[in-house]
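Colleague: I have a model open and want to learn to read it. Can we go feature by feature?

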Amino acid sequence: MEQPDPMIHFENVTKEYELQTALRDVTCSIEKGEMVFLTGPSGSGKTTMLKLIYLAELPDQGDITIAGWNTGTLKESSIPFVRRNIGVVFQDFRLLDNRNIYENISLALRIRGIGEREIKARVYEALKTVNLRHKADSYPRRLSGGEQQRIVIARAIVAEPTVLLADEPTGNLDPETAEDVLKTFKDIHAKGTTILIATHNRELYMNSGKRVLRLEAGSLVSREVC
Amino acid sequence: MPTSYAFRLAMQSLKKDKWINLLSMLTIFAGLFIISISFFVFYNIEIATRNLPEKFSLVVYLDNNLGQEKIEQVISAVRAKRAVSSVKFIAREEAFRELKSTLKNSQYVLEGLEDNPLPDSLEVKLKRDAMGSESVKQLAEETKRIKGVSEVDYGEKFLDILQNIKAGVKITGLVLALILCTGIVFVCYSTVKILFYRRTDEIETFKLLGATKGFIRAPFIIEGAAIGTTAGFTSLAAVFVLHHFLFLKLINSVPLFKTVLFPSHVFLLLPLIGMFLGIFGAAIALGRLKY
């Protein structure tokens, strides 16, 4: 029987910045519905790998395929439509300070041209998932780091993407909040979403039973189940 | 993208960056206002010069002692010309009577004249579209060749001056309008560029969430249109205020201004012109920005 195509596939991918090689000849796959951790020390290339997936960067060498789209042959006008399949929890949150939480989350749906009634239902559903329904009218700066983190998760999942990427989602959180965030990810994964979490927090992936890809100086050095 | 959301974003931005937008609006208003006033002046010059040809005519002098039949033939030949609107025969006696009445206060000029020295003549009026100095010259030459015609006289210099005034007014008006419209487009272009750079982070987030270029551009286009339209309405109001409080008073008190016309049907287009220039400036800015 033929194997289904992986959701994300890197084939000999190299990415270089001016004086530094961020990723070196990386080949790996993430299957549909899989939850994978991406780990490694700071500057090992974790964020670069995520940026290549959500098309903020393009590889210098190699091929990347996301949900069947080859990023090397993609037209510029098609990039927004590929991104709509991907939810991203950014390391720097990227929340808009001049809009309240409801507006921040609904933005992901407005971009997709969804109607106001459906937007309302889906935004409150996403806020319920991260247990912050009561914060809909607040502004990002009024929230704690942990709350902002969960709002970013709500924005990433509200459009029900097929792939969810998270860049250091527990970076500035206390262990208890980090545990809550991880539980949220597990719940989303349980619904069938493919998830890739970049983290250097060992607590997060140890004994998780999930695959862990380890990067060091841009090279993929291990891919084991922890 | 639902248009209502693009409008909402544009209105939020107009409110948030109100000082930049107000400054742009006032600059565009000044440009449109100057264009309107210039147009008003040029329009009236054009109207005044357009009416002058009605008073213009060719005088065709006939040979002495032509019989009635010959005169009729000459009249028919002149009337057959494409550029001729009407032909009036002036008998030498009538012309002499007219001369006498014109020189009523200078009778000494005619003293010593025993006979009527004037010939029979034709007063030829031309069609409005045949008023070019070249076509009048050609007509004069053709008419001169008709048997029975001794001389053709027309205001050659007057016609040249008239043509030069008309051409000058047209070119000056067009150049001025072009310069000011370019200025207005540049103001819109710069404003949208500034607003765009002020929102770079926001736009980057939009892009990463999957926004298309159309989604990002729409609010800026609406903003450009809103600034241009508001400036257009303001200049329309200013022109009408000026007309009401200045020109109407001048028309009533200074006789020279009685013939001045106010082309209000053209001024009503100002908001539309403003909107078009605003959209054009915004579109150029968005086309040149890399994002």
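Colleague: How far apart do the C-alpha centres of domain 1 of chain B and domain 2 of chain B lie?

Modeller: Domain bounds come from an automatic or database domain assignment. Here the two C-alpha centres lie 53 Å apart. Domain 1 of chain B covers 3–51 + 162–288, and domain 2 covers 57–154. This is a predicted model: local features need pLDDT of at least 70, side-chain atom pairs count only at pLDDT 80 or more, and totals for chains, interfaces and linings use all residues. Residues are numbered from 1 along each chain as written, chains are lettered from A in written order, and side-chain values use heavy atoms, without hydrogens and water.

Colleague: Which residues form an edge-to-face aromatic pair?

Modeller: Rings of Phe, Tyr and Trp (its six-membered ring) pair if their centres lie within 6.5 Å; planes under 30 degrees apart count as stacked, over 60 as edge-to-face and the rest as tilted. The structure holds 14 such pairs over all chains. B:F206 and B:F215 make an edge-to-face one, 5.7 Å centre to centre with 70° between the planes.

Colleague: Is B:F206 buried or exposed?

Modeller: Buried means under 20% relative accessible area, exposed over 50%, partly exposed in between (1.4 Å probe, protein chains only). B:F206 is buried, and B:F215 is too.

Colleague: Which residues do ring pairs link into a cluster?

Modeller: B:F39, B:F40, B:Y43, B:F240, B:F262 and B:F267.

Colleague: Which residue lies over the face of A:F90?

Modeller: A charge sits over a ring if NZ of Lys or CZ of Arg is within 6 Å of the ring centre and within 35 degrees of the ring normal. Here A:R94 lies over that face, at 6.0 Å from the ring centre.
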